[in-house]
Amino acid sequence: MTNKLLLGLLTAAAVTSPAAAQNRLPAAVVAVVDSGRIYAECTACRAALTQLQSQATALQTRQQALAAPIQTEGQAIEAAINALPAAQKQNPPAALQQRVQRWQQSQQTAQTELQGLQTRLQSTQAHVRQQIDARLGPIINQAMTARGANIAVDTDATLARSNSVDITNDVLAALNTQVPSVSVTPLPQQAQPAQQRPAGR
């Protein structure tokens with residue numbers, strides 16, 4: 001009787017053990033990636049950065065070009081107002097008031113243009129990062145698999161590490177091969193809403 005009971009327990013253990021083993025998580029094998037180095041050194045990143053810097057310089061040049069005449073006109077208006085008799089300073093002549101209005105309008109127009117250019121530059125930067133990020137994730141997974149890792153962390157998240165777990169070179173080489181360039185343009189515009197139907201339909 002005892003032998004039969006012992007045999008039954010061993011058989012049950014043999015049946016349940018594989019299932020229990022399957023539920024256990026594998027041991028963690030960590031790989032490290034230096035994302036800062038990748039974004040600084042990848043071929044597409046460098047080319048995009050050059051173009052982004054050129055666009056930023058063009059924005060600064062345009063800002064200076066718009067600001068110079070506005071500043072000059074503002075100083076001229078201020079001098080004209082200061083030259084008025086005290087009684088007219090509170091209510092300048094109509095021609096001077098119109099001149100002030102035109103100057104204010106030019107300020108607003110310039111600000112609107114610069115805001116548009118700044119938004120475009122920011123959108124372009126976001127688009128470049130989006131394109132690289134979209135390909136970087138799968139490439140990191142491929143490098144992890146090739147090196148037998150099941151976890152990847154950024155070097156910024158580590159306190160100490162061995163160079164043997166760093167797969168940055170692998171990731172960088174694959175990224176340069178698979179993504180030699182990216183589009184340095186603003187994010188694609190969202191689909192325009194459907195035009196409203198004519199009234200009465």
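Colleague: What pattern does the protein follow, read along the sequence?
Modeller: Along the sequence, the pattern is α-β-α-α-α-α-β-α. That comes from six helices and two strands, where helices (H or I, at least four residues) and strands (E, at least two) are DSSP runs, numbered from the N terminus. This is a predicted model, where local features need pLDDT of at least 70, side-chain atom pairs count only at pLDDT 80 or more, and totals for chains, interfaces and linings use all residues. Residues are numbered from 1 along each chain as its sequence is written, and side-chain values use heavy atoms, with hydrogens and water left out.

Colleague: Thanks! How much of the protein do buried residues make up?
Modeller: Of the 201 residues, 21% are buried. Buried means under 20% relative accessible area, exposed over 50%, and partly exposed in between (1.4 Å probe, protein chains only).

Colleague: And what share of the contacts join residues at least 24 apart?
Modeller: Among contacts between residues at least 6 apart in sequence, it is 84%. A contact here means heavy atoms within 4.5 Å.

Colleague: Let's switch to strand 1. Is A31 buried or exposed?
Modeller: A31, which lies in strand 1 (residues 30–33), counts as buried because its relative accessibility is 2%. Leaving out residues up to four places away in sequence, A31 touches A149, I151, A152, V153, V165 and I167.

Colleague: Where does T155 lie?
Modeller: T155 is in the loop between strand 2 (151–154) and helix 6 (168–178). T155 counts as buried because its relative accessible area is 9%.

Colleague: On to cysteines. How many disulfides does the structure hold?
Modeller: There is one disulfide, meaning a pair of cysteine sulfur atoms within 2.5 Å. C42 and C45 form it, with their sulfur atoms 1.9 Å apart. The link of C42 and C45 is right-handed, with 95° about the S-S bond.

Colleague: Are those two cysteines buried or exposed?
Modeller: C42 is buried, with a relative accessible area of 1%. C45 is buried too, at 6%.

Colleague: Now helix 3. How many residues does it have?
Modeller: Helix 3 has 40 residues and reaches 58 Å from its first C-alpha to its last, close to the 58 Å expected at 1.5 Å a residue. That expected span is 1.5 Å times one less than the number of residues.

Colleague: Which residues of helix 3 are buried?
Modeller: They are A44, C45, A48, L52, L59, L66, I70, G74 and I77. What covers them includes helix 2 (35–41) and helix 5.

Colleague: You mentioned G74. How far is Q107 from it?
Modeller: Q107 and G74 are 9.9 Å apart in space, C-alpha to C-alpha, and 33 residues apart in sequence. Q107 has its place in helix 5 and is partly exposed, with a relative accessible area of 33%.

Colleague: Last topic: what lines the largest pocket?
Modeller: The lining is Y39, C45, A48, L49, L52, Q125, V128, R129 and I132. On a 1 Å grid over the protein atoms alone, a pocket is an open set of points where a 1.4 Å probe fits, with protein on both sides within 12 Å along at least five of seven lines, and lining residues have an atom within 4 Å of a point. Helix 3 (43–82) and helix 5 (94–147) each supply at least two residues of that lining.

Colleague: And what is the volume of the largest pocket?
Modeller: The volume is about 180 Å³, taken as the space filled by probe spheres set on the points, with grid points joined across faces, edges and corners.
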